[in-house]
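Have the sequence and the 3D view open side by side as you read.

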Amino acid sequence: MEQDETTMEVDVSRQVMALRLATGLAQGALLYWLYQADRGGWWPAGTPYVMTPLLMACVLLPAMLISAMGHMAPKKVAQWMAVAAAVLLIMALHAVSREAGVLRGAGELGKGAFTSMSGPVMVFGAVFMYIAHSLVMAGAADRRRIASYDTYFELAWKLAVQLMFSAFFVGALWLVLLMGSGLFSMVKLGFLKQMMEESWFVVPVICFAWSCAMHITDVRPAIVRGIRSLLLVLLSWILPVAALIISGFLCALPFTGLDVLWATRHATSLLLAADAVLIVLINAAFQNGHAKAALAVRVSARVASLLILPLTAIAIYALGLRVYDYGWTSDRVIAAACLVVASCYALGYAWAAHRYETWLCPIANVNVAAAFVVLAVLLALFTPIADPARLSVNNQMARLEKGRTKAAQFDFHYLRFEGQRYGQEALTRLSQQTTGPDAALIRDLAGKALKETNRWQTGSQLASVSITDNVKVWPSTTKLPASFVAQKWSPIEDAAVLPCLLSRGSSCDALVLDVDGDGKPEVLLFNAGRYSAAPLYTEHADGKWVVAGHLDASGSECAPLIEKLKAGQYTLVAPRMKALEVAGQLLQFQSEFGADDCKLIKAAK
């Protein structure tokens, strides 16, 4: 498709600009309303089946509408927006459905839609819409269902550069506003700083600036094309290096064997990343098929096109071994979906590379076909068709029922926190199971999993932790208070609780001493981590131990002092400087003793 090197006609440009800016303002107003509803608990915040689709639609649809204005007939724009809205609705409703009845774990409690929707659904929904929008825009430009590759290339890269520079424009504008707020603050005028802290100002300004940047980059196609060409040329010269490194890796495998690859436990993801790098760099060199490239780049592109196939084959084999041994998980289902896409590129690029009379021209057809495959895969993953959680839970349950996974080794924790609604339903069934060889054990473990609240720690870890094993008391003749050992420590109630009080395998040291002279012992824990200040625990009247203060003796420089503490070479003395009492509260001066003093002690030793 031949692009117009000039700007739009003045009248058309003004009309389109007005519509785009109005769309940006409307988007800002809608997002502000949703944000306030989410914070205040108003409707539709309490109705996720309404809130989530509205949020996704308000974030993604206006950007697509702004991009389509001036390039598609109003009727076609309306039709495309209706189809896009329907797809987003399906994805959003399924995202809500799969989380229905799922209790959030530690670290996720109290999150609203604006924080919870920053996950895969929003990100991959945006990827889906970017690909689909590029295909639709190209088809509208060529006035046919499948456009020419030149048109796909031009519009896809133009949209990518627009999005990148629009984000840069918004960031630059915000830096200028921050500078302005600082200048006004120096003369005791804080109105701009206060406005920048208010959501009614922040959200509309960002959306308005975004729409303005999208329009400016759209009416200057020659500038966008120049930036794109420079970026692709620079990337193309990385291709020889990548091809050389990956060729060396593949040549080394016959000598090192694949066992060292499997030992990494992330071979599939790393191989897929290598595939993605080669695909991007090959396309940077190929561009629209008409770009002139140096001989080294052309040879590297042909070699790299052949390298994708063995990389993908090894990744498939690696994933197959993990699935055979441990079954499907959500991550493995997603990896399998990525391998489907990678296989399309691998086979297509290998086919294109064997034709020496052309400059990899068949890659154009492969790229267009792969784009439709990506859309199909994403739609399957984020709808009930191939939901990773559903497929993985069904597979894990089948392995348990067939005895391939023993009840004692079954990962109930995975069902609780990674299985979404399907995992909760499976755990509920297992907690009521009365038949089978391990029915009692399964009921017990499933019931415990349903009660777990910390996704980063299994119930077995919490149950088996022994504080007396994890905490070494100095001197060895001293014992921890019985109430301290018996306390049930929870990271939810105290986010600063040390790992040695929570999980098996963690360790720390302790001193039992009476710091405040009330006749009751306090417990000082130290050596819990390089950057962990030593907490001092005291017992309240209700018998609960809480942190009363911290001793800053962390870091390797203070190791000599720690050794003296462990040897009992310390005394409790009154502070050198008295504290200030202001309005009934004590303000304690901090000593200048610190890391530098620790270094001096270490040097003197």
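Let's start with a charged pair: K158 and D218 form a salt bridge, and their closest N and O atoms are 2.8 Å apart. K158 belongs to helix α6 and D218 to helix α8 (residues 199–218), so this pair ties together parts that lie 60 residues apart in sequence. In total, the structure holds eight salt bridges. Please keep in mind that this is a predicted model.

How big is the nonpolar surface patch, and which residues make it? Its area is about 790 Å², and the residues are V176, M179, L183, F184, M186, V187, L189 and F191. If you want a place to begin looking, L183 is one of the patch residues and is found in helix α6.

## Where α10 meets α12

Next, have a look at helix α10 (residues 239–256) and helix α12 (residues 267–286). These two pack at an angle of about 145°, and their axes are 10 Å apart. Their crossing is left-handed.

Which residues of α10 and α12 meet? From α10 come L239, A242, I246 and F249, while α12 brings L271, A274, L278, L281, I282 and A285. Sorted by type, the residues of this contact are 10 nonpolar, no polar and no charged.

## Backbone details to check

Most residues other than glycine have a negative phi, and most peptide bonds are trans.

One joins W43 and P44, with omega at about 10°, and P44 sits in the loop between α1 (10–40) and α2 (48–68). The other runs from W474 to P475, with omega near -10°; here P475 is found in the loop between β1 (471–474) and α22 (482–486).

The remaining spot is K188. What is the phi of K188? The value is near 65°, which is positive in a residue other than glycine. You will find K188 in the loop between α6 and α7 (191–196).

Methods: Residues are numbered from 1 along each chain as its sequence is written. This is a predicted model: local features need pLDDT of at least 70, side-chain atom pairs count only at pLDDT 80 or more; totals for chains, interfaces and linings use all residues. Side-chain values use heavy atoms; hydrogens and water are left out. Axes are lines fitted to C-alpha atoms, for helices over the stretch in contact, and angles run from 0 to 180 degrees between N-to-C directions. Helices (H or I, at least four residues) and strands (E, at least two) are DSSP runs, numbered from the N terminus. A crossing is left-handed if the near helix is turned anticlockwise from the far one by less than a right angle, and right-handed if clockwise. Contact means heavy atoms within 4.5 Å. Ala, Val, Leu, Ile, Met, Phe, Trp, Tyr, Cys and Pro count as nonpolar, Asp, Glu, Lys and Arg as charged, and the others, Gly among them, as polar. Patches are made of residues with over 30% relative accessible area and no salt bridge: like charges are joined within 9 Å, nonpolar side chains (Val, Leu, Ile, Met, Phe, Trp, Tyr) within 5 Å. Accessible areas come from the Shrake-Rupley method with a 1.4 Å probe; for residues, only the protein chains shown count as cover. A salt bridge is a side-chain nitrogen of Lys or Arg within 4 Å of a carboxyl oxygen of Asp or Glu.
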